[in-house]
Amino acid sequence: MAVERILKDEASEEKGERARMASFIGAMAIADLVKTTLGPKGMDKILQSTGRGREVTVTNDGATILKSLHIDNPAAKVLVDISKVQDDEVGDGTTSVVVLAGELLREAEKLVAAKIHPMTIIAGYRMAAECARNALLQKVVDNKEDPEKFKSDLMKIAMTTLSSKILSQDKEHFAKLAVDAVMRLKGSTNLESIQIIKKPGGSLKDSFLDEGFILDKKIGIGQPKRIENAKILVANTAMDTDKVKIYGARVRVDSMSKVAEIEGAEKEKMREKVQKIIAHGINCFVNRQLIYNFPEELFADAGILAIEHADFDGIERLALVTGGEIASTFDNPESVKLGHCKLIEEIMIGEDKLIHFSGVELGQACTIVLRGASHHVLDEAERSLHDALCVLSQTVNDSRVLLGGGWPEMVMSKDVDELARKTPGKKSHAIEAFSRALVAIPTIISDNAGLDSAELVAQLRAEHQKEGCTAGIDVISGSVGDMAQRGISEAFKVKQAVLLSATEAAEMILRVDEIITCAPRRREDRM
């Protein structure tokens, strides 16, 4: 018995087979959970939080679903992690990466049961992944030189990305929005300068792209409603000092006139501050904090548009877009960078008034205004659009493009199969298994569309034996279709990330042969 007491009382360990089973089962459960959201006909999930607000999220974005789960199984956590990384890195393919990793593990489980050592499986998987990547590299199309073709590639990619999301009904409309927004970035992958404003009301079709910047505020009373050639000072400073703000201080006065003096002195201080701000020669002042009536009055007299309480995200962006910097002291005007734009005016979107800054310094800035039936629809639309924007901005940099619709998986699986035939030894089983896992993706896409996946995938495989085949699964007509004609394209970068991340995650989980659960810390009885 003495040997067994290495770990604390509450700690538990699982060895060998049991540990591996636990990690396989956990990973496959996660993959099965998001499996149904894959592809153009994928279903959505409703996530309901257990928090106070009982918030409801409706989504089919793999990363969003997995982020919201509370998971105990360590292997499942690895899959959640890869979907997060995929989301941060390329923005799309979050579901595919989890499903592929799950399928790889499902195949690995069969091999382990057939007494093939996990290390052999890993070695086989590595060879297969390398081979699959090379297969894709041979088939990529790169139209960087031809702007017209390249733009149509971008449109196709945007439409393919959006077709599995809530925006699929108006995917042409939104693909155009996304492509226009990304083309303005001129090759930068920083999506900061694309602002998305969500306004309930109207339908998704009413969404539009507006060059310039929209701040979700109203223009104050008695202020100029329209300013041309604006010079903007963006600030984060307190403009509400017309009351004593020294906490815990007690001021004793012997008459009301003394109180009035104190108030007068504070007003003077405020007036000086406003004077300093006006001395910058500006005609628009945007503050992150409140502006009280008195300073607002002073600004209005000077003909300056004062916007108070601009939310933080908005103000950071505004500074970035107009080329200004956020200031908090106003003693030396020459060191403050002012923002500029051609025109500031108030516009109406639905019921709300917003302030529109057009002709901003940063040419690439634009605002996408999303309209929709409810907050849930808008949130999901924003997530979908964000995916499309990410993929497009990555594609602008790395302009290699592939066909979509299960075509890349079939291409990879064909080459991997050939590799398996040439490889001697037990590794060949693992390589074959890898090829089966790849085929699972077109299988799931067709299953989700309610088609006969066995029949379709068999047809697809036969098609792919021909040279230069462009067949993939066409879920709209429910048959094997020509992806090049249908214009279903994907970014190479996304596919590569899916392939490599999924293989690495599967490899990591396969390496596990022991799960040790830590003993919880005891609370001492302090009675």
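Helices here (H or I, at least four residues) and strands (E, at least two) are DSSP runs, numbered from the N terminus. This is a predicted model, where local features need pLDDT of at least 70, side-chain atom pairs count only at pLDDT 80 or more, and totals for chains, interfaces and linings use all residues. Residues are numbered from 1 along each chain as its sequence is written, and side-chain values use heavy atoms, with hydrogens and water left out.

**View A. Asparagine 229 and lysine 115 both turn up with a positive phi.** Most residues other than glycine have a negative phi. Asparagine 229 sits in strand S8 with a phi of about 45°. Its relative accessible area is 56%, so asparagine 229 is exposed (buried means under 20%, exposed over 50%, partly exposed in between; 1.4 Å probe, protein chains only). Lysine 115 has a phi of about 65° and belongs to the loop between helix H4 (94-113) and helix H5 (118-139). Lysine 115 is exposed too, because its relative accessible area is 69%.

**View B. Val251, Val253 and Ile262 make a nonpolar surface patch.** Patch members have over 30% relative accessible area and no salt bridge; like charges are joined within 9 Å, nonpolar side chains (Val, Leu, Ile, Met, Phe, Trp, Tyr) within 5 Å. A salt bridge would be a side-chain nitrogen of Lys or Arg within 4 Å of a carboxyl oxygen of Asp or Glu. Valine 253 lies in the loop between strand S8 (226-235) and helix H8 (256-278), and counts as partly exposed because its relative accessibility is 39%.

**View C. Asp142, Glu145, Asp146 and Glu148 gather in a negative surface patch.** Asp and Glu count as negative, Lys and Arg as positive; His and the chain ends are not counted. Each charge is placed at CG of Asp, CD of Glu, NZ of Lys or CZ of Arg. Glutamate 145 is in the loop between strand S4 (141-142) and helix H6 (147-163); with a relative accessible area of 71%, glutamate 145 is exposed.

**View D. Three strands line up as an open antiparallel sheet, S4-S15-S18.** S4 and strand S18 (489-491) are the edge strands, each pairing on one side only. Two strands pair if DSSP finds at least two bridges between them; strand S15 (residues 400-403) and S18 have three. Leucine 402 has glutamate 490 in S18 as its bridge partner.

Note on methods: Areas by Shrake-Rupley, 256 points an atom, 1.4 Å probe, with all protein chains shown as cover.
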